[in-house]
Amino acid sequence: MIDHAHDLASVRDATERLLTAAAALDNASAAEPSRLPGWSRNHVLAHVARNADALVNVLEGRLMYPTAGVRDADIERDAPRPLDVQLADVRDSSARFQAAGAVPADWSRTVELRNGVTDTASRVPFRRWSEVELHHVDLGIGYELEDLPEEFTRREIGFLAERFTGHPDVPSTHLSDGTRAWSTGRAAEKPDVTVTGSPEELLGWLCGRRNGSGLTVDGGALPALPPL
């Protein structure tokens with residue numbers, strides 16, 4: 001069962017880690033490329049802020065983004081700002097998200113995200129937690145997949161495995177970190193491929209942050225995953 005209050009607290013802690021780390025940058029280093037193609041670190045910070053406001057929209061029953069192009073346009077608009085403005089925006093928008101999450105509500109209700117994706121409201125805080133943790137890694141400032149909280153890594157593997165479950169372009173795949181197991185891809189009586197590795201390597205492959213070279217694959221080639 002999803003504990004949205006626990007996840008909101010985890011979001012708050014993850015945001016503080018990101019803000020503390022990013023505060024060690026300066027304007028020049030914030031403008032340097034991040035690990036995401038075409039995005040500077042400032043782009044990443046702008047996205048983290050705008051995603052918080054977009055998820056407030058979701059929790060309050062509005063469209064996540066008014067139009068398809070607004071998300072990218074807002075990031076490009078905000079990326080050139082000085083670092084202190086970026087950090088203040090991340091902090092303030094995160095506070096707005098926390099405030100929206102503190103409002104008494106039916107957390108079992110269905111909400112709509114981007115591209116027609118729906119989910120229960122109770123999973124929105126975890127989705128935000130994912131944004132903050134993975135984009136902290138994307139900044140390329142010393143926070144790696146190995147530094148992520150164990151609970152987050154375990155749950156994010158499950159979340160992404162579920163996301164690809166039933167996808168026609170992903171073969172039936174058994175995932176294991178040696179202790180826990182997940183399945184993803186097309187439905188089948190038995191998996192086509194078994195992928196084994198550390199939780200960090202599994203997560204890195206599933207979320208597109210690593211190429212899977214640290215994984216062991218039996219039964220075929222490492223499946224090519226669609227973009228998130």
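Which residues form one aromatic cluster? Phe126, Trp129, Phe152 and Phe159 do, and the views below show their surroundings in a predicted model, in which local features need pLDDT of at least 70, side-chain atom pairs count only at pLDDT 80 or more, and totals for chains, interfaces and linings use all residues. Residues are numbered from 1 along each chain as its sequence is written, and side-chain values use heavy atoms, with hydrogens and water left out.

**View 1. Helix 6 (residues 124–138) crosses helix 7 (residues 150–164) at roughly 115 degrees.** The axes, lines fitted to C-alpha atoms over the stretch in contact, with angles from 0 to 180 degrees between N-to-C directions, come within 11 Å. The two helices (DSSP runs of H or I, at least four residues, numbered from the N terminus) are therefore roughly perpendicular (65 to 115 degrees) to each other.

**View 2. Residues of helix 6 and helix 7 make the contact (heavy atoms within 4.5 Å).** Helix 6 contributes Phe126, Arg127, Trp129, Ser130, Glu133 and Leu134, while helix 7 contributes Glu151, Phe152, Arg155, Glu156 and Phe159. These residues divide into five nonpolar, one polar and five charged, where Asp, Glu, Lys and Arg count as charged, Ala, Val, Leu, Ile, Met, Phe, Trp, Tyr, Cys and Pro as nonpolar, and the others, Gly among them, as polar.

**View 3. Trp129 and Phe152 form a tilted aromatic pair.** The structure holds four aromatic pairs (ring centres of Phe, Tyr or the six-membered ring of Trp within 6.5 Å; planes under 30 degrees apart count as stacked, over 60 as edge-to-face and the rest as tilted). In the pair of Trp129 and Phe152, the rings lie 5.3 Å centre to centre, with 50 degrees between the planes. This pair links distant parts of the chain, with Trp129 in helix 6 and Phe152 in helix 7, 23 residues apart.

Technical notes:
Parallel < 35°, antiparallel > 145°, perpendicular 65-115°, else oblique.
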